[in-house]
Amino acid sequence: DQNRRKKFCADHPNTYEKEENPLRIIAYYISNQELLGACMNWAAAYLSKLDCPLNFALVLSYHIAKEVELLDSSQNFTQHDTEQGSQTVASEVARCVFNKVHQVCSRWHAAAEIPYFVKEYMLDDNKIFAGSCADQNRRKKMEDRHIIIPNLNNLLQMEGKRVSYHAVYDGHGGVDAVQYTLQHLHLNIAKSQHYATDPAKAIEEGFILTDKNFVQKANRENLRSGTTSVVIMITSTQLLVGWVGDSQAILARNQTHIDIMTPHKPDREDEKKRIEDLGGCVVWFGAWRVNGTLSVSRAIGDATHKPYVSGEPDVKALLLDGTEDFVIIACDGLWDVIPPWEAVEVVVDYVKDFGIDADATAKHLVTQAVDKGSQDNVSVVIVFFEDGPLVTSCRPPKEEKSAIFPIPIPVSPEAQAILERLDRSVRGAQDSPEPTIETANNQVNSVT
């Protein structure tokens, strides 16, 4: 609520003064086109470390990033000239972001009220809610990332109705590609000229642009990583899914799993043909692999494996009909050990036993995958539909107020029975029409 947001601002009013940055900055240089996404990500990560409420952190991070973006990079940060143009030293920009967090908090604390756009974002009437959990598991590094944005339009201060954005990214060969995708994919989708009128086309263009820009960065900086990506966007009428690679999303309708996508794997017949038509090959080496190396046939990044490993996504749109219960979005660390139908059963059983708690449900699903022997990083996002059959059935029944005692009070069973008889009598009297001379005469005649 507003008091909690004001308190957070009051608790962090000073400039960040420590010599070391509070977060590890992976990139050495960033371009102007990468500035907004990188600054949002650094601000959000720092705010999370400060235990800032999630939704408040999202809108605060965008505001901070916009302030940094307006600065003249050539005057405020060290520049590095490359063939693609001037690049900015990333650690200096990040330092500025961390200072801005405290400066903006100080400014908002001194103001009479939190800015109007923050209120609008926080008060958004959302018909869905989401939770997440991620576990490094037995891997030496955590190369998964995930993101939940309840209202992308409102966050970016764009016109249009609510569009929620949820995604899981599964990196490989390092974290550069997955971190880049986390920072930029949703922004590239939102800035597509088709975003308002054809969101499916915008998703396709956003994936392609993100892949193109990262491959340029990878070639410039000799980066070899890549990432699978699966994105779910939900409007008032549609569920859209876009993906590259073998991370996967499934839909549950009436507590039954619905396949809404087919993962990109090298042994998929159409993928195998595409790769071979380009002059590549698919061979078995512990798993089916592109040119004997990668076990996914599409990904953002993997610059040295282009064009065989494509960054072009598949996109599907489904109409919502009111029977949707939830969506599970997860990396292959889950799907390798738990098939889609079983994942839906696990979620449904957990919700029926323990109630609706999106984060706890996601954590339970991750724990199940680890217990079943998953060796990989495991990341799960679950999106529940507020008015879906499962959530509706798990809500506690509303107490019917008595006509005599509108406020429930503890009574004995015997007293309760008496109250119910009195209650029915009162309700009957309230529902009966007022007596007239004619009805009175009829009652008298019936007695005589």
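Visitor: Does Lys 217 count as buried or exposed, and what is its relative accessibility?

Guide: Lys 217 counts as buried in this predicted model, because its relative accessibility is 6% and the cut-off for that class is under 20%. The side chain of Lys 217 takes part in a salt bridge with Glu 221, in which the closest N and O atoms are 3.2 Å apart. Both residues belong to helix α9, which covers residues 199–221, and they are 4 residues apart, about one turn of the helix.

Lys 306 is found in the loop between β13 (300–301) and β14 (314–319), and with 22% relative accessibility it counts as partly exposed. Although Lys 306 and Val 215 are 91 residues apart in sequence, their C-alpha atoms are 9.1 Å apart in space. When neighbours within four places in sequence are left aside, the contacts of Lys 306 are Asp 211, Val 215, Ala 299, Gly 301 and Gly 311. Its side chain also has backbone oxygens beside it: a polar atom of the Lys 306 side chain lies 3.1 Å from the backbone oxygen of Ala 299, and the backbone oxygen of Val 309 lies 3.0 Å from a polar atom of that side chain.

A search of the whole structure finds 19 salt bridges, among them one between Asp 277 and Lys 273, with an N to O distance of 2.9 Å. Asp 277 and Lys 273 both lie in helix α10 (residues 269–277), where they are 4 residues apart, about one turn of the helix, and both are exposed. A further salt bridge brings together the side chains of Asp 270 and Arg 268, at 2.8 Å from N to O; here Arg 268 counts as buried at 17% relative accessibility, whereas Asp 270 is partly exposed with a relative accessible area of 43%.

Turning to strands, β9 (residues 248–253) and β10 (residues 256–259) pair in the antiparallel sense over 4 bridges, and Ile 250 has Asp 259 of β10 opposite. The two strands form a hairpin with 2 residues between them, and Asn 254 in the turn has a positive phi of about 50°.

Elsewhere in the chain there is an open sheet of 3 strands in the order β1-β3-β2, with antiparallel pairing. Strands β1 (29–30) and β2 (79–82) stand at its edges, and each has a single partner strand, so one side of each is left without a neighbour in the sheet. The pairing of β2 with β3 (residues 85–89) is antiparallel and runs over 4 bridges, and within it His 80 has Gln 87 of β3 as its bridge partner. Helix α5 (residues 90–110) packs on this sheet, where it touches β1 and β3, and its direction makes about 55° with that of β3.

Key. Residues numbered from 1 in each chain as written. Predicted model: local features only at pLDDT ≥ 70, side-chain atom pairs only at ≥ 80, totals over all residues. Heavy atoms only, no water. Pairing = 2+ DSSP bridges. Contact = heavy atoms within 4.5 Å. Axes fitted to C-alpha atoms, helices over the stretch in contact; angles between N-to-C directions. Salt bridge = Lys/Arg side-chain N within 4 Å of Asp/Glu carboxyl O. Buried < 20%, exposed > 50% of the residue type's maximum accessible area, 1.4 Å probe, protein only. Polar contact = N/O pair within 3.5 Å; in protein donor to acceptor, adjacent residues only side chain to side chain.
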